[in-house]
Amino acid sequence: MKEYRFQGVGLSRLEMIDADTPSVTGRQVVVSMRAFALNYRDLLVAEGRYGLSSIQGLRPFSDGVGIVKRVGPDVVGLSKGDRVMTSFFRDWTSGKPTPEGCTSDLGGNVDGVLAEEVVLPEHALVPAPHHLADVEAATLPCAGVTAYNALVARGDLLPGQTVLTLGSGGVSLYAIRIASALGARVIATTSDDTKAAWLLHQGAHDVINYKTNPDWPNAVKTLTDGRGVDHVVEVGGVGTLAMSMECLAMGGHIAYIGVLTGKDGAINPFPLLAKSARLDGIYVGSRQILDELGKFMGRYDVRPYVDRIFPFDEVHKAYAFLASGQHKGKVVVAIQDS
């Protein structure tokens, strides 16, 4: 069996190696993996910027889909041949986050899924939506769950509300699809007119180019007749948070997710007070939320956008493409076509 493990910090130290075929006990399940999705967080891990004490020997990636190959004697909900997705947090099954659950992140504090076969507890796996191909279903565990948690599980998004998304990455694309399916209006931002046209095609109702219109909060207010938006899916971080607060309507909600512009800097929280607004920190979500998302996508026929697919032996090229920032939506690695 082939798998990838870090032999030190940096992508040059990520190596494909031979490993023993995993065995199972109790409620463990062996999954024959078929596709994996990359996230910005995977770059942080590889570069030693994720806060881990060491990545020596770590197998990366949280997001994957595969076929159940073997089950332990105590497994009750899965059978050989079932197609499943991996939950981002191996041991956060439901309810509020806990320290124990949030330190069971695959490809971070515990081994990830970038292998031909992996063994995981039954509670870390969720049936994959039937209408999605493997390369599509593989994108749900991190970006999809994050967007769904931000807007639905924690955000209580309602039809007719207005959502602001930033950029054209995986979480933002999921947010556009989810909000549109629920009858919300989406205003998106981007730095490129070509991407602006593409975002309209993906379901955004209005798009603002923040490079040619640097005062984009004022543009948001103009588009909403001065009211502002009900929800912001904030993936930028400190560099965009102050402007996102400007965009909020009274009683609005910011789902604070990303650190694309960095983590350090001073923020004045007064606009949240003045607008009686809410700021939620969103750290992906539980297995239960992944299960709810899969059912939601089936019910509304929502599909993610996969930009490019790389073969299993070209993982380094997949990382490089993600790092280039040229992607729209998700970057995926596949062991076989589906």
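Helices (H or I, at least four residues) and strands (E, at least two) are DSSP runs, numbered from the N terminus. The model described here is predicted: local features need pLDDT of at least 70, side-chain atom pairs count only at pLDDT 80 or more, and totals for chains, interfaces and linings use all residues. Residues are numbered from 1 along each chain as its sequence is written, and side-chain values use heavy atoms, with hydrogens and water left out.

**The chain as a whole**

The protein chain contains 11 helices and 15 strands. Its radius of gyration is 20 Å, close to the 20 Å that the globule rule gives for 338 residues, so the chain is as compact as a globular protein of that length. Here the radius is taken over C-alpha atoms, and the rule is 2.2 Å times the number of residues to the power 0.38. Further values for the protein chain are tabulated below.

| Property of the protein chain | Value |
|---|---|
| Span of the C-alpha trace along its principal axes | about 60 × 40 × 35 Å |
| Buried residues (under 20% relative accessible area, 1.4 Å probe, protein chains only) | 54% of the 338 residues |
| Contacts (heavy atoms within 4.5 Å) between residues at least 6 apart in sequence that join residues at least 24 apart | 69% |

**The loop at Gly-160**

Gly-160 lies in the loop between helix 4 (140–153) and strand 8 (162–166). With a relative accessible area of 61%, Gly-160 is exposed, a term that applies over 50%. Leaving aside neighbours within four places in sequence, Gly-160 is in contact with Gly-183 and Ala-184. Although Gly-160 and Ala-184 are 24 residues apart along the chain, their C-alpha atoms are separated by 4.8 Å.

Strand 6 runs antiparallel to strand 3 (residues 28–37), and five bridges join the two; strands pair if DSSP finds at least two bridges between them. Within this pairing, Val-31 stands opposite Val-118 in strand 6.

A pocket is an open set of points on a 1 Å grid over the protein atoms alone, where a 1.4 Å probe fits, with protein on both sides within 12 Å along at least five of seven lines; lining residues have an atom within 4 Å of a point. The second largest pocket has a volume of about 200 Å³. Of the 18 residues that line this pocket, the closest to its centre are Arg-59, Asp-111, Gly-112, Val-118 and Val-119. Strand 1 (2–6) and strand 6 (117–121) each supply at least two lining residues, and the largest share, five residues, comes from strand 6.

How values were computed. Points joined across faces, edges and corners; volume = space filled by probe spheres on them.
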